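Here are some friendly notes to read alongside the model. Keep the picture open and look up each residue as you reach it.

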Amino acid sequence: MIQRIQSLYMLLVAAIAGGLTFVFSLYTLENEVEVFAKDDLVYLGLFMASAALALITIFLFKNRKLQFVLNRFNILFHLILLGIFVYRMLNVSGEIEKISEKGIGVVLPLISIVLLVLANRAIKKDEDLVKSVDRLR
């Protein structure tokens, strides 16, 4: 059900994790080489797993509890990815003379986390609505 707002949020997460990671660079090394997600297998694996999980979760609209749990798992993917970014950024840009630049790709997991939290709030709202209607019957 694409008309639900949480489905749109998850579709945006899938687009960000699956597509925008190839457009925006993650960081630039000190020798002016831009690093994209496709250049590192860990980044590529986590971004593609997140995109696949978001697409799978969209079609689980009949099972809202499983959808909620899978979104939390996807948030965990993005937090791990963000932790790897922070670790590598602190190690890569440690030199004083050759400072590397951070790309916009490092912000993409933060955007995805916010969208997944909004999707979980909408799923919770739907679940509460169904429970309240069931009480009336």
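Does F77 count as buried or exposed, and what is its relative accessibility? At 18% relative accessibility, F77 counts as buried, where buried means under 20% relative accessible area, exposed means over 50%, and partly exposed is in between (1.4 Å probe, protein chains only).

1. A word on the basis. This is a predicted model, in which local features need pLDDT of at least 70, side-chain atom pairs count only at pLDDT 80 or more, and totals for chains, interfaces and linings use all residues. Residues are numbered from 1 along each chain as its sequence is written, and side-chain values use heavy atoms, leaving out hydrogens and water.

2. The overall plan. You can find four helices and three strands in the protein, and along the sequence they come in the order α-β-β-α-α-β-α. Both kinds of element are DSSP runs numbered from the N terminus: helices are H or I with at least four residues, strands are E with at least two. Of the 137 residues, 39% are buried. Take contacts (heavy atoms within 4.5 Å) between residues at least 6 apart in sequence: 73% of them join residues at least 24 apart.

3. The ring pair around F77. The partner of F77 is F73, with ring centres 5.0 Å apart and planes at 55°, so the pair is tilted. Rings of Phe, Tyr and Trp (its six-membered ring) pair if their centres lie within 6.5 Å; planes under 30 degrees apart are stacked, over 60 edge-to-face, and the rest tilted. Because F73 and F77 are four residues apart in helix α3, about one helical turn separates them.

4. Another ring pair. The count of aromatic pairs comes to three. One of them joins Y43 and F85, again tilted, at 4.8 Å centre to centre with 45° between the planes. This pair links distant parts of the chain: Y43 sits in helix α2 (residues 41-58) and F85 in helix α3 (residues 64-92), 42 residues apart. Both Y43 and F85 are buried. Ring pairs also bring in F47, giving a cluster of Y43, F47 and F85.

5. A look at L53. This residue belongs to helix α2 and is buried, with a relative accessible area of 12%. Leaving aside residues up to four places away in sequence, L53 touches L70, F73, N74 and F77, so you meet the ring pair of F73 and F77 again.

6. A look at N120. Find N120 in helix α4; at 7% relative accessibility it counts as buried. Its side chain makes a polar contact of 3.2 Å with the side chain of N71. Such a contact is a pair of N or O atoms within 3.5 Å; within protein, one must be able to donate a hydrogen and the other to accept it, and residues adjacent in sequence count only if both atoms are side-chain atoms. Beyond residues up to four places away in sequence, N120 touches Q67, F68, N71, R72 and I75.

7. Back to helix α4. L110 also lies in this helix, which spans residues 108-136. With 42% relative accessibility, L110 counts as partly exposed.
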